[in-house]
Amino acid sequence: MNSELLIAIVGVGGTLLGVVLGWLLQKLSNYKGVKLDITLEKFNIGKGTGYGTVNESPTPPEDIFFRLRLLFFNPSDIGKVVNNPRIVFYKNLKKKAQFNYSFSRGEKYYDYLNLLPNQIDHYYINSIKNISENNKINNLQDSNKVMLIYDDGKKTLGKKKKLIARFKTLEELCKMSKNK
């Protein structure tokens, strides 16, 4: 009779432990961060529309054109917020220039995204910025890395960083883009 009682106690204990462990793992899975895949579709520096190549004339270029395709995946069971996207150029660890953007899909622009649970969504950052002011072109030419920085809606963790590309020159960065 002792062995039957021991088997019953072990069975009940194992069942309770399994339920608690399953509940705990489910709660932990809700805290997964947003997964992000970035494709640099176009990057150009020049005058006018930005659809040319890097300006090699003696006058400095005036416009910078980005087209990034962003593929977001929210693996948790809770909706996530992504906002305040910035493209930042670095020289090693020092910030050289920053450009603020909005997310876009078609003709609509969004300052923030509400990513639904267990869903894949794609957006773009597609914009022309004038860089002739504040001597930003010199800062860009000195940089060797470009990153996307965004806020994930959490007050404690703040911003997330994702590498777009490492490069030696701006010409190399232009060649890396798919130029669609």
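Okay, one definition to start: I'm calling it a salt bridge when a side-chain nitrogen of Lys or Arg sits within 4 Å of a carboxyl oxygen of Asp or Glu. And keep in mind that this is a predicted model.

So, with that cut-off, take Arg 86 and Asp 151. Their side chains meet at 3.7 Å, N to O, and that makes the pair a salt bridge. Where do Arg 86 and Asp 151 lie? Arg 86 is in strand β3, residues 80-91, while Asp 151 is in strand β9, residues 145-151, so this contact ties together parts that are 65 residues apart in sequence. As for cover, Arg 86 counts as buried, at 8% relative accessibility. Asp 151 comes out at 22%, which puts that residue in the partly exposed class. The line between those two classes is 20% relative accessible area, with buried meaning under that value.

How many salt bridges does this rule give? The count is three, so let me walk you through the other pairs.

Next up, Arg 67 with Glu 41. Here the side chains meet at 3.0 Å, again N to O. Arg 67 belongs to strand β2, residues 63-74, and Glu 41 to strand β1, residues 35-46, so the link joins parts 26 residues apart in sequence. Is Glu 41 buried or exposed? Buried, with a relative accessible area of 5%.

Arg 105 sits in strand β5, a run covering residues 103-105, and Asp 121 sits in strand β8, residues 119-130. Those parts are 16 residues apart in sequence, and the pair ties them together. On accessibility, Arg 105 is partly exposed at 32%, whereas Asp 121 counts as buried at 16%.

In general, side chains of opposite charge can pair when their charged atoms come close.

Okay, away from the charges now, over to the nonpolar side. Which residues make the nonpolar surface patch? Leu 21, Trp 23, Leu 24, Leu 25 and Leu 28, and together they give a patch of about 530 Å². One of them, Leu 21, has its place in helix α1, which runs over residues 2-29. Leu 21 is partly exposed, with a relative accessible area of 46%.

Terms used. Residues numbered from 1 in each chain as written. Predicted model: local features only at pLDDT ≥ 70, side-chain atom pairs only at ≥ 80, totals over all residues. Heavy atoms only, no water. Patch = residues over 30% accessible without salt bridge, like charges linked within 9 Å, V, L, I, M, F, W, Y side chains within 5 Å. Areas by Shrake-Rupley, 256 points an atom, 1.4 Å probe, with all protein chains shown as cover. Helix = DSSP H or I, 4+ residues; strand = E, 2+ residues; numbered from the N terminus. Buried < 20%, exposed > 50% of the residue type's maximum accessible area, 1.4 Å probe, protein only.
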